[in-house]
Amino acid sequence: MNLYFRSHLMHWNRLENDRQMPWKGEKDPYRIWLSEIILQQTRVEQGISYYERFVTEFPSIRHLAVAPEAKVFKLWEGLGYYSRCRNLIITAKHIANELNGLFPTDLEGLRSLKGVGPYTAAAIASFAYDLPHAVVDGNVFRVLARFFGLSIPIDTKEGKAEFSKLAQQLLDKKAPALYNQAIMDLGAVICKPRSPNCNACPLVGRCRAFRDGNFEELPVKSPKPSRRKRYLYYVFAEKAGKVLIRERTGRDVWRHLHEFFLIEKKNPVKMNSIWQEIKRSGFPVPAIPVTQSFHGPYRQLLTHQEINALFIKIILRSNMPAPEGYAWRSKENLKDFAFPRLTRAFLSETEG
Ligand code: SF4
């Protein structure tokens with residue numbers, strides 16, 4: 001079974017696999033690492049333009065290590081999961097400053113880098129150095145679960161261990177880079193999550209899921225816990241071409257991104273009461289009347305959270321000091337700051 005799987009996969013890869021990606025065949029560990037971090041929780045189609053912008057802006061790890069952090073976050077804007085960007089910066093500085101600009105050359109050393117898990121370490125080790133380590137990403141889970149008819153949940157400790165062991169047994173040790181890319185490509189272009197193209201699949205002859213007709217049920221995942229709901233009320237305060245913003249700090253989502261004056265609630269509240277709370281919260285609403293309008297709600301789903309945001313746009317006609325932690329910034333320059341996706345959507349809809 002293992003020999004059938006490996007030989008049919010590699011044969012298909014040699015003769016039929018024409019999937020193109022800018023980092024495919026890349027041997028530079030920096031570029032491989034960059035592409036893999038971008039692709040964690042991001043679709044390939046979306047990741048390509050980010051990858052190209054990053055390698056143009058930061059052609060080497062030393063360029064990335066010395067770049068202003070705000071510039072790196074700005075380039076990352078829209079990709080989400082900003083802890084990836086923070087880890088990218090930490091690891092770039094670590095490699096540039098502590099490792100003389102050189103990536104570790106074995107699996108253990110790669111695993112010690114911040115933000116590099118088993119999958120990313122195996123990908124760099126095999127693609128850059130042709131070391132015999134099997135990658136196990138979403139595509140690999142899907143192909144293996146279907147071909148072998150495995151119903152153990154892939155997001156459990158036991159499931160991960162079983163799939164990793166199987167992937168390692170199947171790996172073509174003489175051509176780890178080619179094999180790893182081939183199985184991921186097969187999952188991406190043939191054994192797709194929905195409507196797999198079994199007729200074009202090199203593994204169809206012995207595929208359990210094809211035989212049993214249950215490919216839509218595989219791979220199995222544990223039931224997800226429900227997302228925590230959050231309600232954000234943002235005041236977009238504008239005064240003489242300037243807007244009040246601050247950088248998010250603390251251990252919460254969107255750290256290092258920017259935002260407007262914020263009131264957060266656990267449940268949705270009426271606008272009257274939120275307006276009263278804004279006044280009580282230290283936002284120095286002037287005596288002179290203001291123009292105001294409401295926009296939203298805008299919704300953004302994160303892994304464990306559902307964030308709903310309403311924007312209250314006010315135009316002030318008098319001088320007003322910035323509340324503590326906030327600063328007035330030119331509206332023209334808002335494009336230079338990194339904002340969460342829902343805030344960017346609000347800005348592009350209302351400010352153009
Ligand atoms: S035969 Fe179909 S279900 Fe089985 S591995 Fe190939 S594409 Fe996936």
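Trainee: Where is the place of P219?
Mentor: P219 sits in the loop between α12 and β1 (228-239). Helices here are DSSP runs of H or I with at least four residues and strands are runs of E with at least two, numbered from the N terminus. Remember this is a predicted model: local features need pLDDT of at least 70 and side-chain atom pairs 80 or more, while totals for chains, interfaces and linings use all residues. Residues are numbered from 1 along each chain as its sequence is written.

Trainee: And the peptide bond from L218 to P219, cis or trans?
Mentor: Cis, with omega near 0°.

Trainee: What kind of peptide bond joins G296 and P297?
Mentor: That one is cis too, with omega about 5°. P297 belongs to strand β5 (residues 291-301).

Trainee: OK, phi next. What's up with N100?
Mentor: N100 isn't a glycine, yet its phi is positive, about 60°. You'll find N100 in the loop between α6 (83-98) and α7 (107-111).

Trainee: Is N100 buried or exposed?
Mentor: Exposed, because N100 has 7 C-beta neighbours inside 10 Å. The cut-offs, with C-beta atoms placed from the backbone, are 20 or more others within 10 Å for buried, 12 or fewer for exposed, and partly exposed in between.

Trainee: Then what about W254, buried or exposed?
Mentor: W254 is buried, because 20 other C-beta atoms lie within 10 Å. Its phi is positive as well, near 65°, in a residue other than glycine. W254 is in the loop between β2 (242-247) and β3 (258-259).

Trainee: Changing topic: which domains does the assignment give?
Mentor: Domain 1 covers 2-217 and domain 2 covers 228-350; such bounds come from an automatic or database assignment. Taken over C-alpha atoms, the centres of domain 1 and domain 2 are 38 Å apart.

Trainee: How many residues of domain 1 are in contact with domain 2?
Mentor: Eight, and they meet nine residues of domain 2. Contact means that C-beta atoms, placed from the backbone, lie within 7 Å. On the domain 1 side, helix α5 (residues 69-76) gives the largest share, three residues.

Conventions. Two residues are in contact if their C-beta atoms, placed from the backbone, lie within 7 Å.
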